[in-house]
Amino acid sequence: VNITSNPFTLSDLTTNTTYYAAIRADYGDGNYSDWTEKVSFTPRKETDITINDGSNTIITAPLYGVQSSNLVSTQIIIPSSSLTEIQNRQITKLTYYAKETSVSWGDATYEVYLKITTNTSFPTSGYSLESWGTNVFNAAKLSVSDGKMEIRFDTPFNYHSGNLLIGVKQITKGTNSTVNWYTNSSYTGGIGMYYYSTSGQGRVSYSPKITITGTAIESAPVKIDNNGYTTFASAWPLD
């Protein structure tokens with residue numbers, strides 16, 4: 001395979017199959033560098049669940065404002081009853097759906113946080129946003145392509161049970177580009193999405209259409225020596 005981009009994505013791989021890979025540089029004159037050491041990897045089967053699958057649209061989900069003059073953030077709560085298919089799995093990606101085909105916010109960067117919470121809703125206003133939880137996507141750009149904004153995490157999140165809080169926080173200001181995000185029908189009461197920006201804060205009675213992707217949580221055997229100690233290095237986040 002000729003690799004011309006970094007990162008490079010391999011496609012059409014078979015899940016639960018171990019692959020081995022090594023790379024070398026092509027100097028373009030018929031000469032090559034030595035091969036790197038061989039590494040192995042095993043693609044895992046992904047499970048997708050889509051929540052709030054509706055045809056309504058709203059500009060406040062999941063990124064409110066998104067303009068050069070404001071730093072903005074949003075939080076939503078997904079009830080545990082909607083997450084049974086990914087219980088005891090590792091969340092690796094979120095996908096939001098937009099009416100627009102392609103949108104960019106210039107130099108804007110964002111962070112994404114996940115947290116298990118006992119809360120089930122947000123009040124209408126006057127609410128201080130919850131502590132953010134685990135940083136799973138760190139200060140990178142986001143954009144809409146083919147009507148979707150996909151966020152593949154830097155750090156997978158081990159989910160077992162409970163209501164899931166999803167927070168999207170803008171870190172760097174960018175270009176003002178409004179997006180009409182697909183949502184479910186209007187909620188009532190305190191259920192919905194909470195937003196904050198320098199121009200105000202409050203709750204909107206909509207939650208975005210979102211697909212949550214999870215894979216099996218990896219485990220590895222650990223052997224303790226006779227003194228009760230061992231040394232262990234993990235290739236994955238520990239739970």
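**Entry 1**

I took exposed to mean over 50% relative accessible area, buried to mean under 20%, and partly exposed to mean in between (1.4 Å probe, protein chains only). I noted that this is a predicted model, in which local features need pLDDT of at least 70 and side-chain atom pairs count only at pLDDT 80 or more, while totals for chains, interfaces and linings use all residues. Residues are numbered from 1 along each chain as its sequence is written, and side-chain values use heavy atoms, with hydrogens and water left out.

I then looked up how the two side chains relate: Lys141 and Asp107 form a salt bridge at 3.6 Å, N to O. Lys141 lies in the loop between β9 and β10 (143-144), and Asp107 lies in the loop between β7 (103-104) and β8, so the pair ties together parts that are 34 residues apart in sequence. A salt bridge here is a side-chain nitrogen of Lys or Arg within 4 Å of a carboxyl oxygen of Asp or Glu. I recalled that side chains of opposite charge can pair when their charged atoms come close.

**Entry 2: other salt bridges**

How many salt bridges does the structure hold? I found 4. One of them joins the side chains of Arg152 and Glu46 at 3.3 Å, N to O. This pair links distant parts of the chain, with Arg152 in strand β11 (residues 148-159) and Glu46 in strand β3 (residues 46-51), 106 residues apart. Arg152 is partly exposed, with a relative accessible area of 43%, and Glu46 is partly exposed at 36%.

I also recorded a salt bridge between Lys148 and Glu150, at 3.6 Å, N to O. Lys148 is partly exposed at 32% relative accessibility, and Glu150 is partly exposed at 43%.

**Entry 3: the sheet**

I turned to the strands, which are DSSP runs (E, at least two residues) numbered from the N terminus. I found an open sheet of 6 strands in the order β9-β8-β12-β5-β14-β15, with antiparallel pairing. Its edge strands are β9 (134-140) and β15 (200-204), each of which pairs on one side only. Two strands count as paired if DSSP finds at least two bridges between them. I reminded myself that strands of a sheet pair through backbone hydrogen bonds, either parallel or antiparallel.

I examined β8 (residues 109-117) in more detail. Strand β8 pairs with β12 (residues 163-172) in the antiparallel sense over 9 bridges. Along this pairing, Tyr110 stands opposite Gln170, and Ile116 stands opposite Leu164. Strand β8 is also joined to β9 by 4 bridges, again antiparallel, and there the bridge partner of Leu114 is Thr134.

Is β8 enclosed or open to the outside? I found 7 of its 9 residues buried, so β8 is largely enclosed by the rest of the structure.

**Entry 4: the nonpolar cores**

Which residues of the largest nonpolar core touch the most other members? Of its 38 residues, they are Trp105 and Ile212. Strand β11 gives the largest share of this core, 5 residues. A nonpolar core is a set of buried Ala, Val, Leu, Ile, Met, Phe, Trp, Tyr and Cys residues joined through side-chain atoms within 4.5 Å.

I listed contacts of Ile212 (heavy atoms within 4.5 Å). Leaving aside neighbours within four places in sequence, the partners of Ile212 include Ile49, Ile51, Leu83, Ile86 and Leu164.
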